[in-house]
Amino acid sequence: MKLSKNRKWVVLSLVAALCLGLLSACGGKSESGVNSPEASAENGGKEGEVTLRFMTWDSGQTLQPYQNAINAFMEKHPNIKVKVESVPDNYDQKLLTSLASETAPDVFMAWNYPLYVPGGALEDMQTWADKDNYDLAKYYPILMDYMKYDGKLWGLPTTYSTRAIYYNKKLFDDAGVPYPKDGWSWDEFVDTVQKLTKPGQYGFIMTPDDVMTMQPYVWSNGGDMVSEDGKQIDGVLNSPENVKAFTFLKQLYDASSKINSAGKFSTNNGLESFQTGQIAMFDNGMWPLGDILKEGKLDLGTVTHPLPEGGSLKGIIHTSGYSMPKSGKNKEAAWELIKFMSGEEGIKIITANKFAFSPVISVDKENGYATDPYLEAFAKELEGSDKLIASMRNEKWSEAEDMIRAGVQAIFYSNADIEKTLGEAAKQAQDVLK
Amino acid sequence: MALASSDTLKMRRSAKLKRRRENVAGLMFISPWLIGFLLLMFGPLMFSLVISFTEWNMVGSPKYLGLDNYVRMFTNDPFYFKALGVTFKYVFIMVPLQVIFAILIALLLNRATYGIKFFRAVFYLPSLIQGVTLALIFSWMLNDDFGPVNYMLELVGLPRVHWLTDPNVALYALIFIALWGVGSPMVLYLSALRSVSSEYYEAADIDGAGPVRKFFNITLPLITPTILFNILTSLISAFQTIVLAFVLTGGGPANSTYFYSLHVYRNAFTHFKMGYASAMAWVMFVLIVILTGLILKSSKYWVHYEADGGGR
């Protein structure tokens, strides 16, 4: 190529500009929302003013209740500013990376303590509670178990929800099937599902993929997924009680959709199908209730999970905690924020308008959601709940769950022998959990 | 004599200078990529090689494991060979189909018909839509209940197909969707076809060769360099395929679309086993290098470069 001298310089400078662009792309960390602690101290300008970073997976409408509480906190503490960082996707990845690089936010929501704790990057909350004589007995004890791992306390609870069965009254009326009542049996459930399943409509969606939500059935039959300490699964997963529970789940699958779908009807898609009347019953937390009621299009009821003969109700709990990183620079202020958000004042603001249940017992009583016709079932699910979900017991649970899921898929899709399949899955998973 | 030698020396020196200048210019031109690679990719690459010998969940310090990760995938991972099998099946069905379809369409579009330019654009256009967008479009197209594809099947009296929700069908559905991108290799073949000199065909006409004979004895051999290029690039990208399965099936139903890349992703970002995931990624890298090498080696038996005056 022949280039005139002038042209050559143009090309050279273009190339140089490109290189510079690349260089700046990798040096731009400090500009991208991730404030260094030093920068936040300078931000305020005023003496003694601190800016806290608060990270949550909530966004949009579900963030608003938390934002309301934060606003109230800032009014009360004029010297503390709280900057909310909303990370709806890949939350764990973002949190772990920031913990590893010591750029984690001062306060963050956390649910998967077995994943974060072993790296040693989380602040022990017990010391703060002790120092401040903070009353931990005001929370439901089972929820506090979800804040612990390895015997230590890592967070204070945010909100909680149990799961219950939603049902579409109109579809029941059309089929002439009576509404389900709390304390109904497994057999009645399968029977109801069968009666409500017809072309274009499913009584209930049971997929083999959602292993987590199978736990209430397993528990209420006296079984468990894994031992209390999370280390022994062989002999626990494949117990006779669980063979019975999975036989029931398989009946449930056969009675309805027989849908071999990973995504189609799981959580959100299931919600859509329930709202459009394609599904008569569906299993979920209390979160969509507010929106469905506000829309007012659907005549719905809620009922507790069905029970096996002689079984007792043991609900599953979704909850999370406020935590702070060991490397935090504004721990005093962070503790103030956590105390406020998780304590009576903040939680009252957050749980208003049936957004969620309060982990503080007195506020939960005051809210009175337990007597609400729609929320009663969810409250009942908490009463008997005395077990931690399996993922809270062992940091390697997600791997073990993959193996269980593959086993359940074989049982559901290809009618594999239940006892044998659970036994094989348990052996594989045992190897992972040690 | 002395004069002459100094002249040749000068010439040689100026040639050397010119070559060096060209080298420098060349390096400058690829420098954005080169610098980008060295600064942004080389470090992480080496890092992933190092942590592939450790156990590490991003927080805390990595724990040295030696070759344990590499041993584990072949001896003690119930999903490894499943994922490898799914990936190989996908590659060995998708790549040949893509090559065949791309050539067939290119042959069709190589005719001097009225409005051919319009049709070329039409056939190329779909390949501009790729990745997540493509996946989302097909999640509706192939929807069990409302999808247009099932609707059309029903119109002609065929049963509905659970495209993405039947373990026996889902992988083929993904292959079908991936073939949507056939437009890009098609363009390459089209330009290869157009560069085949018409003299060959004229000579073949005189010899009385039919169209089939002309295709197999003239066209096909002369576009083999493009076929080689196409096979290599789509082989490499097919082994790494993740987007369609990630968005459409999540590896399901029943792990029937659980690609190797998904297994790597799952270990890295669900189980947070960075070491194990890196080890698997490196094994895939070696696998691809070996396969690419084999294909390149085989190419001297079937790829014909016009400059050599044909192959063996």
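**Domain contacts, helix packing and the chain interface**

In this predicted model, the domain assignment divides chain A into domain 1, made up of residues 42–154 and 318–383, and domain 2, made up of residues 162–316 and 387–433. Taken over C-alpha atoms, the centres of domain 1 of chain A and domain 2 of chain A are separated by 29 Å. Contact between the two domains of chain A involves 18 residues of domain 1 and 18 residues of domain 2. On the side of domain 1 of chain A that touches domain 2 of chain A, the elements giving two or more residues are helix 5 (113–116) and helix 17 (376–383) of chain A, and the largest share, five residues, is that of helix 17 of chain A. Divided by class, this side of domain 1 of chain A holds 12 nonpolar, two polar and four charged residues.

The secondary structure of chain B consists of 13 helices and two strands. Along the principal axes, the C-alpha atoms of chain B fill a box of roughly 80 × 60 × 35 Å, and the radius of gyration of chain B is 25 Å, whereas a compact globule of 312 residues would have a value near 20 Å.

Within chain B, helix 3 (residues 80–109) packs with helix 7 (residues 170–178) at an angle of about 40 degrees, the two axes lying 10 Å apart. Because of this angle, helix 3 of chain B is classed as oblique to helix 7 of chain B, and the crossing of these two helices of chain B is right-handed. Helix 3 of chain B contributes Val86(B), Lys89(B), Tyr90(B), Ile93(B) and Met94(B) to the contact, while helix 7 of chain B contributes Leu171(B), Ile175(B) and Ala178(B). By class, the contact of helix 3 of chain B with helix 7 of chain B comprises seven nonpolar residues and one charged residue, with no polar residues.

Between the chains, 29 residues of chain B are in contact with 33 residues of chain A. The elements that supply two or more residues to the side of chain B that touches chain A are helix 1 (2–51) and strand 2 (59–64) of chain B, with helix 1 of chain B giving the largest share, eight residues.

Notes: Residues numbered from 1 in each chain as written. Chains lettered and ligands numbered in written order. Predicted model: local features only at pLDDT ≥ 70, side-chain atom pairs only at ≥ 80, totals over all residues. Domains from an automatic or database assignment. Contact = placed C-beta atoms within 7 Å. Helix = DSSP H or I, 4+ residues; strand = E, 2+ residues; numbered from the N terminus. Nonpolar A, V, L, I, M, F, W, Y, C, P; charged D, E, K, R; others polar. Axes fitted to C-alpha atoms, helices over the stretch in contact; angles between N-to-C directions. Parallel < 35°, antiparallel > 145°, perpendicular 65-115°, else oblique. Left-handed = near helix turned anticlockwise from the far one by under 90°. Rg over C-alpha atoms; globule rule 2.2 N^0.38 Å.
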